[in-house]
Amino acid sequence: GDAGSGVDFPTTIVNPEKGTVEMWVQFYAAPVAFSHGVYGFANVSHWRPGGSGDPDNIMSFSWHNDQSSIGFVLTFNGTGRGINFNNFNPTLNSPIHVACTWDRNGIVGTDDYMRIYVDGNVVATGTTNNDWGTDNTMGEFRIAAPWDASFATDRYSVDNIKVLDFARTSFSDRDTE
């Protein structure tokens, strides 16, 4: 759903081969099942290259209340691959740095195709299934929007968003704007 907040980017800004999305997030309340159970950092809605019958293109980076997992999913042309970091339990009212990164050929020469970082540390990796599609030519994705229209900055806020066309692995300068 379109929550009416956030920043929209054309899908062409996302390189299907490799890239990084990073940001600072501050949580004021944890997600609650069946009430406000998903906090979406990236992409609230689906992009469809040609219309409603075409496969979805989705990039999703979010905190789910089920297993308190932070997840990252990359989908182009209907084929999606993702990773999760379970037991995610950030300190409320304190900013943290989160990032997701991907490289179809392996991140910096490793077998990792996807990674999730929290405060500069790798917390989850994906080493199988680098076969997400390649078409990023149509549509848009949204950064920093909740998955329902009834809340926004009262539950979390996002700042200093960066979308990069390479798989970044060092976030040692994350405190520098």
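**View 1. Ser172 lies in the segment after strand 11.** Strands here are DSSP runs (E, at least two residues), numbered from the N terminus. The model is predicted: local features need pLDDT of at least 70, side-chain atom pairs count only at pLDDT 80 or more, and totals for chains, interfaces and linings use all residues. Residues are numbered from 1 along each chain as its sequence is written, and side-chain values use heavy atoms, with hydrogens and water left out. Ser172 is exposed, at 64% relative accessibility. Exposed means over 50% relative accessible area, buried under 20%, and partly exposed in between (1.4 Å probe, protein chains only). The Ser172 side chain makes a polar contact with the side chain of Ser170, at 3.4 Å. A polar contact is a pair of N or O atoms within 3.5 Å; within protein, one must be able to donate a hydrogen and the other to accept it, and residues adjacent in sequence count only if both atoms are side-chain atoms. Asp119 is 53 residues away from Ser172 along the chain, yet their C-alpha atoms are separated by 9.0 Å.

View 2. Two strands pair if DSSP finds at least two bridges between them.

**View 3. Strand 2 pairs with strand 11.** Strand 2 covers residues 18-27. The pairing is antiparallel and runs over seven bridges. Glu22 stands opposite Lys162 in strand 11.

**View 4. Phe27, Phe85, Phe88 and Tyr156 form one aromatic cluster.** The whole structure holds five aromatic pairs. Rings of Phe, Tyr and Trp (its six-membered ring) pair if their centres lie within 6.5 Å; planes under 30 degrees apart count as stacked, over 60 as edge-to-face and the rest as tilted. The ring centres of Phe85 and Phe88 are 6.4 Å apart and the planes stand at 70°, so this pair is edge-to-face. Phe85 is partly exposed, with 23% relative accessibility. Phe88 is buried, with a relative accessible area of 3%.

**View 5. The protein has 11 strands and zero helices.** Helices would be DSSP runs of H or I with at least four residues. Of the 177 residues, 44% count as buried. Among contacts with a separation of 6 or more, 64% join residues 24 or more positions apart. Contact means heavy atoms within 4.5 Å.
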